[in-house]
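Subject: Structure handover

Hello,

Here is the structure I promised to pass on. Please open it before reading the notes below.

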Amino acid sequence: MVEKKIPNATARRLPIYYRYLRFLHDSGKVRVSSTELSEAIKVDSATIRRDFSYFGALGKRGYGYDVEDLMNFFSKTLKQDRLTNVALIGVGNLGHALLNYNFHQSNNMRISAAFDIDQEIVGTILSGVPIYHMDDMVEQLKVQQIEIVIITIPSSVAQATADRLVEANVKGILNFTPYRISVPNDVRVQNVDLTNELQTLIYFLDHYKPTKD
C-alpha cells in the first residue's frame with residue numbers, strides 16, 4: 001500500500017495534536033470536537049478537520065472524535081509506539097542542554113549516543129549517554145543502526161559532517177547550525193535556526209503589534 005503524502009504544514013501540526021490528545025486522555029476525557037481542539041491548540045477548526053481528512057474518517061458527525069482512538073492513531077502515525085534512538089553530533093553548550101533534556105517527556109525517543117572531538121569528554125558518560133570521538137561516528141552509527149541525528153556543531157564543519165552522516169546511512173538530520181547542508185533526496189533535513197526565529201519574533205512585535213480587547 002502506497003502512503004498518501006500530506007502537506008508539510010499538516011505534518012508539522014501532527015505532534016501538536018498528539019501531545020494535546022495525550023493530555024486529554026490522561027485527564028479522563030473520552031471525546032473531543034474539532035472546535036474544542038481549535039480553542040486549545042489555537043488552530044482553526046476547519047484546518048483541523050482538513051488535516052484529519054488526509055487520514056480518512058477519524059471522527060463521527062455529531063459525535064466528534066474518540067480521544068483514545070485518535071491518540072493511538074497519531075501515536076502509530078508518528079511512530080510513538082516504538083523506541084527511536086537518536087544521535088547527537090556536537091556536545092557544546094547547546095549539545096549539553098539537549099543531553100540533559102533528552103526528551104524526558106517522551107518514552108519513545110532518546111539520545112543514545114553522542115559525538116565530539118573534546119578529549120576531556122570523549123569516553124565518558126554524560127546524562128546517561130556515552131560520548132564517542134567524531135572519528136568513530138560513521139562506524140558507531142552503523143553498528144547501533146541509528147538513522148536520526150541532531151547536529152549542534154560549528155557551521156564550518158556542517159557540510160563535511162553531513163557527508164559523513166550520509167555515508168553512515170542516516171536518513172534524518174535535525175540541523176541546529178545556520179548552514180544549509182546539502183544531502184541526497186532520500187535524506188530529510190529539518191533546520192532549526194534559533195537566531196532566525198528570534199529575529200522573526202522581533203519583527204512581528206515591531207510591525208504587527210497585538211491589539212487589546
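In which sense do strand S5 (residues 125-126) and S6 pair, and over how many bridges? They pair in the antiparallel sense, over two bridges. Strands pair if DSSP finds at least two bridges between them.

Some ground rules. This is a predicted model, in which local features need pLDDT of at least 70, side-chain atom pairs count only at pLDDT 80 or more, and totals for chains, interfaces and linings use all residues. Residues are numbered from 1 along each chain as its sequence is written, and side-chain values use heavy atoms, with hydrogens and water left out.

The overall picture
The protein has eight helices and nine strands. These are DSSP runs numbered from the N terminus: helices are H or I with at least four residues, strands E with at least two. The C-alpha trace spans about 60 × 45 × 35 Å along its principal axes. Take the contacts (heavy atoms within 4.5 Å) between residues at least 6 apart in sequence: 56% of them join residues at least 24 apart.

Around S6
Strand S6 covers residues 129-133. Its covered face holds Val129, Ile131 and His133. Pro130 and Tyr132 are on the uncovered one. Pro130 is the bridge partner of Ile125. Two residues lie between the strands in the hairpin of S5 and S6, where Ser127 takes a positive phi near 50°. S6 also pairs with strand S4 (residues 109-116), in the parallel sense over three bridges. There, Tyr132 is the bridge partner of Phe115.

Axes here are lines fitted to C-alpha atoms, for helices over the stretch in contact, and angles run from 0 to 180 degrees between N-to-C directions. Helix H1 (residues 8-26) packs on helix H2 (residues 34-41) at about 105°, with the axes 11 Å apart. That makes H1 roughly perpendicular to H2 (65 to 115 degrees). Ile16, Tyr17 and Tyr20 of H1 make the contact with Leu37, Ala40 and Ile41 of H2.

H2 also crosses helix H3 (residues 45-53), at roughly 115°, and their axes come within 8 Å. H2 is therefore roughly perpendicular to H3. From H2, Ser34, Thr35, Leu37, Ser38 and Ile41 meet Ser45, Ile48, Arg49 and Phe52 in H3.

Best wishes

Note on methods
Parallel < 35°, antiparallel > 145°, perpendicular 65-115°, else oblique. Buried < 20%, exposed > 50% of the residue type's maximum accessible area, 1.4 Å probe, protein only.
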